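Open the model in your viewer and keep the sequence panel beside it.

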Number of protein chains: 2
Amino acid sequence: MKIARFRSGSRTAHGVVFDDEVAEIRGSIYTSFRITDTRHPLSEVRFLPPTDPGELWGPGLNFVDHLEYAGSVFGQDAMPVPEKPQPWRKGRNALTGVNDPIIIPKDTAGEVHYEGEAVAVIGKVCRRISVERASHYILGYTCGNDVSERSWQKDDWTFWRAKGADTFAPVGPWIETEVDPQQLDLLVRINGEEVQRCNTSDMLFSFAEIVSYISQQVTLKPGDLVFSGATGVTRAITPGDVVEVDIPGVGVLSNPVIAEFEAGQGK
Amino acid sequence: MKIARFRSGSRTAHGVVFDDEVAEIRGSIYTSFRITDTRHPLSEVRFLPPTDPGELWGPGLNFVDHLEYAGSVFGQDAMPVPEKPQPWRKGRNALTGVNDPIIIPKDTAGEVHYEGEAVAVIGKVCRRISVERASHYILGYTCGNDVSERSWQKDDWTFWRAKGADTFAPVGPWIETEVDPQQLDLLVRINGEEVQRCNTSDMLFSFAEIVSYISQQVTLKPGDLVFSGATGVTRAITPGDVVEVDIPGVGVLSNPVIAEFEAGQGK
């Protein structure tokens, strides 16, 4: 089942996607709901990030084929294979939805990169849960782009702006509740050209392991988002590009790239 | 004026504190409100964290007399004097209020320390504001405790649990709107014994400078919290302690320290 959050006119609602329609629901996507007869063609709604998360989490380095590149970002040799997740908080301010623009800040040196990832959506309050139980606390999976400014990533002590500037966290288009999260193909295209292809079976730490690990010290709440981590080598995106994160069986997260204007954000 | 958020019976409200009473308000603390005739004795309400922040920010190292100690936490020499703020995100899950317990996780090695700080409360949406304009976007100031587990701070790549575990961010008791934020005495007492005394005039970066700096890449929103950074050398707190962060002219943030029980949190 594909659960979406969308705006129709001035209203915001959750719904279930069927082919070319979305049917509004009554109730909570986290507890129980029923599907209503109110349906909208997909072309007539604006999809929002599928939840309003309290926190967005990255797992730290989570794919072996990203270790050498990650080291080079810091001007170092390949990073060592991590022995545990190294979670970090991505900014809520950065969250944006499918088809919304990724805005390149006017004071960057052109080093804004995509990172196509799968994202787990927490469905229940969880604290000190085991790896074995973790899947019961995950509602489903969506697509995410961990947009990253490489020069800030190198220069700053934290990822606060390198991965946390406004619009640096596109997530969507919806939550798929019936997939095997460790068998997902993960593709990125820039202007239609494939620039990344991997599979979540290569994650060093599974979603269940990451969620369990974070929950040992942090209460995770419904709607919180946990990214998979990035793979391979990335490249810069520039105004005019369209970036697509495609997870077959889940959906396609497409975002145009624009430049920040002197007078403010957006057009 | 002292603006508080509190619970009375099953209701949550904002109010203005007068001597030994709090008067409920109608309206928004961020735009405009009026004071009503509904008053409660302070002893009969439970104070909550004064806002529901979208983000909690630390500034990085911000007092010269903390540099040597901060280095020692990482097993290094004194940290260099930072040339810019190095912001980081403290966990929203960690937020807790005055008189609520700081819970020592059962899997720490006893290295949970206090850090008494002043905290700016954002009052308006701000993005790319100047240092000169920043004070117009700050509603007021409160007390905060940047509780920190030193062994995790050393072992992890990020502060996700060292400064972000549940209950590691006590904030309160209320927002004082009429103080000079760079002339605040800042005292910490453990069980009545003074263990920290400093003044916000010694901050390397003022609140206005930190808020302006973060706002260059991040949209700050009403209720967001910006900590001052810590001073000096700290020491561990243990179950049974009471920690007070006292900012004369603002208020006293008092929290008992308890141990996490095997079966879950709290009593």
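Does A:Asp19 count as buried or exposed? Select A:Asp19 and find out. This is a predicted model, and in it A:Asp19 has 75% relative accessibility. A:Asp19 counts as exposed because the cut-off for that class is over 50%. Now look at the backbone. Phi of A:Asp19 is near 45 degrees, a positive value in a non-glycine residue. The residue sits in the loop between β2 (11–18) and β3 (21–27) of chain A.

**Another positive phi, in chain B**

Select B:Arg128. Its phi is near 55 degrees, again positive in a residue other than glycine. B:Arg128 lies in the loop between β11 (116–122) and β12 (138–145) of chain B. Most residues other than glycine have a negative phi, and most peptide bonds are trans.

**Cis peptide bonds**

Next, select A:Gly172 and A:Pro173. A cis peptide bond joins them, with omega about 5 degrees. A:Pro173 belongs to strand β14 (residues 169–176) of chain A. Then switch to chain B. B:Gly172 and B:Pro173 are also joined by a cis bond, with omega about 5 degrees. B:Pro173 is in strand β14 (residues 169–176) of chain B.

Show the surface and select A:Met1, A:Phe18 and A:Ile35. Together they make a nonpolar patch of about 230 Å². A:Met1 lies in the segment before β1 (2–8) of chain A. With 34% relative accessibility, A:Met1 counts as partly exposed.

**Two domains of chain A**

Colour chain A by its domain assignment: domain 1 (1–47) and domain 2 (49–259). Their centres, taken over C-alpha atoms, are 25 Å apart. The contact takes 11 residues from domain 1 of chain A and 19 residues from domain 2 of chain A.

**Into the core**

Hide the surface. Which residues have the most contacts inside the largest nonpolar core? Select A:Val211, A:Leu220 and A:Ile237; the core they belong to has 69 residues. Helix α3 (residues 207–215) of chain A gives the most to this core, with 6 residues. Domain 1 (1–47) and domain 2 (49–259) of chain A both contribute residues, so the core lies between them.

Stay on A:Leu220 and show its neighbours. Beyond those within four places in sequence, its contacts include A:Trp57, A:Ile122, A:Cys126, A:Val211 and A:Ile214. A:Lys124 and A:Ser215 are also among them.

For the last stop, select B:Phe47, B:Ile102, B:Val211 and B:Tyr213. These are among the residues of a second, separate core of 68 residues.

How values were computed. Residues numbered from 1 in each chain as written. Chains lettered and ligands numbered in written order. Predicted model: local features only at pLDDT ≥ 70, side-chain atom pairs only at ≥ 80, totals over all residues. Heavy atoms only, no water. Patch = residues over 30% accessible without salt bridge, like charges linked within 9 Å, V, L, I, M, F, W, Y side chains within 5 Å. Areas by Shrake-Rupley, 256 points an atom, 1.4 Å probe, with all protein chains shown as cover. Salt bridge = Lys/Arg side-chain N within 4 Å of Asp/Glu carboxyl O. Helix = DSSP H or I, 4+ residues; strand = E, 2+ residues; numbered from the N terminus. Buried < 20%, exposed > 50% of the residue type's maximum accessible area, 1.4 Å probe, protein only. Core = buried A, V, L, I, M, F, W, Y, C linked by side-chain atoms within 4.5 Å. Domains from an automatic or database assignment. Contact = heavy atoms within 4.5 Å.
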